[in-house]
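Colleague: Please take one part of this model and look at it closely. I would like a single connected account.

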Amino acid sequence: MTWINAVVQGLLLGGLYALFACGLSLLFGVMRIINLAHGDLAVLGAFLVWTISTSAHVSPFWALLLALPVMLAVGYLLQRTVLSRSLRGGPLTPLLTTFGLGIVIQNALLQVYSPDVRSLGGAAGVLSTGSWRLSAQLSISYIGVLTLATAVVVLGGLQLTLQRTSFGREMRATAQDPDTAALVGVPASAVYARATAIAVGIATIAGTFLAIHSTFDAASGPLQLLFAFEAVVIGGLGSLWGTLTGGIVLGIAQTIGATFDPQYSILAGHLVFLAILASPRGRSILTRSSR
Amino acid sequence: MSASPAQPVRPDSEQPMSASPAQPVRPDSEQPMSASPDIRPLWTVRRSGTRGAATGLLLFGLALFAVPYLFQANVVQQLTTLFIFVILAVMWNALAGYGGLVSVGQQAFIGFGAYATIFLAQHGVSPYLAVVLAALASAVLAVVVAPLLLRLRGGQFAVGSWVVAETLALLVALDEDLGGGTGVSLRGLNVYAPNMRRAYTYWITLAFVLVLLGLVFFMLRHRVGAALQAIRDDEEAAASLGVRTAPLKFGLFVLAGFGCGAAGALTLANTLFIQPQSIFGIQWTAYLLFMVLVGGLGTFEGPILGAILFFLLQNQFAQQGAWYLIGLGVVAGGFALFLPRGLWSLLTDRFHLRILPFGYDLYRPAPVIKES
């Protein structure tokens, strides 16, 4: 029974990782960069939601609605200032600048909010504490289901946007060939800026759910970046539904690891990632991404 | 890649010039000058820098061995720290600047080197021998993880290397014999008097610096160096010209694993105490990025300059905590955007100052006035 419980909890946790992975995957798909500040941007969003929620005494979900436009603007400006210039510097420059940005965000948060561990669980009320109790050992938390549902909605919405809307066509065209897209009237910089805004927006949602699920502090970002990246690689690069699968595999690996000892939780996830990288499937990652 | 000896020497050729520096390069040396006097080109190619400078630098390096006899223990320990920074910066630059491999997980090897030293010392190996063996063990670790990580490119490689570092940190924290999460100290060095211990650690660190710098120096002057610089400038173009990029990157990764492992082991010998969270910490990568980007990515001298600057800043501002790291991040990012080849490129580009003999310069000899 503990095994079934571990798998179910891992499935729900996978929704959270898929949310984190989604923005990372989008930026990689469109701009061919890995944003090393992704986790820190998510935590920045979580702190913004926390600030709004505690100062206005509103539920984190209302606070998230207020924070989202701000974070979309942050993403847009980030691309217009730092990333667009980095992209001109060659394939390695975005890595260097986003790593620097991550360090800056982390330490700025540390300076402003102190290293205290926080949670939005209390502010979310019954949604974060309540659960459906199916048996003595198996219970399904409201927030877990809500996270997984949000992940499905966000991924599905993104998939629909990419396939059905004109903006989605522009993103796909720019991802395939920015120069040719520019020739037919789709300036890459505008597409990139909107894609970054969306990625940071989704990261904010992910950060908020992390904060409701468990705890967060100024230094939480890097680990979330690693989980997001692991989910993307496990699920296969460039596939949004694969990202959901990857998140779920990672989540289940962690919860099963945790049934032996809580210390093994994160380690089990890393080991599954490394095992998949070592497997023949890992070989295909390189070929697919070097297109 | 390999130019046949019969081929005429081109200004862009990576083969060393056999002609003496002042002699102009002629497309066809067999043709007599009098037959076509206009064939004398305006530009000639010569080795940049001088051998004398390299020798002088080597002598300076050897002279540094005398420091423990002349200065106080405090200075010796500080210089050891500086040398460790130099090792790290040069190794990271070899990876990122020449191999195009931006690793944010070199702390995996730093931590592994330190903990391998602890492990060996616990099993009766003399501590300084353990430092050397731990560096070799880090190279072996690099050989093991290279096939995995080198499958990834660019940002994927970066995050992948970070995952390896985190995995090792978690594994070490699980092992109670290695002190678990609370840290562990290197006991075997207590047999030496404190001043002698600092001097020994200093000497072994300096030896590592000289060996690793020498290795990179000769690598860059060798054909491998030309191939690496070609990869640095454009990997696909280099590969299409027949540069075998995969083995070169593998070699760089193993070299960097060795160097960073040595740096970790030496950090332990210098401070005598380590914790998994700090020796495997991501702050190392922040330091590396700062040193190499400010000094000069993809140059030989730049990382050394960057390490010296970082060392001075560290002494001055490290107490500032978060603000210090914010400053490091901003400056490193700023250099990546606005001065990607770092401060050293200012010296070489603006003032045409080239000290060490790498690569070649185009040189315009003074016009020769012919007597008719």
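Colleague: Take helix 4 of chain A. How many of its residues are buried? Please put the helix in the context of the chain.

Modeller: First, a caution: this is a predicted model. The mean pLDDT of chain A is 89, and 96% of its residues reach 70 or more. Residues 287-291 of chain A are an exception, with pLDDT below 50. That stretch has 6 contacts in the model beyond near neighbours in sequence.

Now the helix. Helix 4 of chain A covers residues 93-113, which makes 21 residues. From first C-alpha to last, helix 4 reaches 30 Å. That is close to the 30 Å expected at 1.5 Å a residue. Of those 21 residues, 16 are buried, so helix 4 is largely enclosed by the rest of the structure. Just after the helix comes A:Ser114, with a positive phi of about 65°.

Next, the surroundings. Chain A has 13 helices and 2 strands. Across its 291 residues, 53% count as buried. Take the contacts in chain A between residues at least 6 apart in sequence: 73% of them join residues at least 24 apart.

Finally, the overall dimensions. Along the principal axes, the C-alpha atoms of chain A fill a box of roughly 65 × 50 × 35 Å. The radius of gyration of chain A is 19 Å, which agrees with the value near 19 Å for a compact globule of 291 residues.

Key. Residues are numbered from 1 along each chain as its sequence is written. Chains are lettered from A and ligands numbered from 1 in the order in which they are written. This is a predicted model: local features need pLDDT of at least 70, side-chain atom pairs count only at pLDDT 80 or more; totals for chains, interfaces and linings use all residues. pLDDT is the predictor's confidence in each residue, from 0 to 100. Two residues are in contact if their C-beta atoms, placed from the backbone, lie within 7 Å. Helices (H or I, at least four residues) and strands (E, at least two) are DSSP runs, numbered from the N terminus. The expected span of a helix is 1.5 Å times one less than its number of residues. A residue is buried if 20 or more other C-beta atoms lie within 10 Å of its own, exposed if 12 or fewer, and partly exposed in between; C-beta atoms are placed from the backbone. The radius of gyration is taken over C-alpha atoms; the globule rule is 2.2 Å times the number of residues to the power 0.38.
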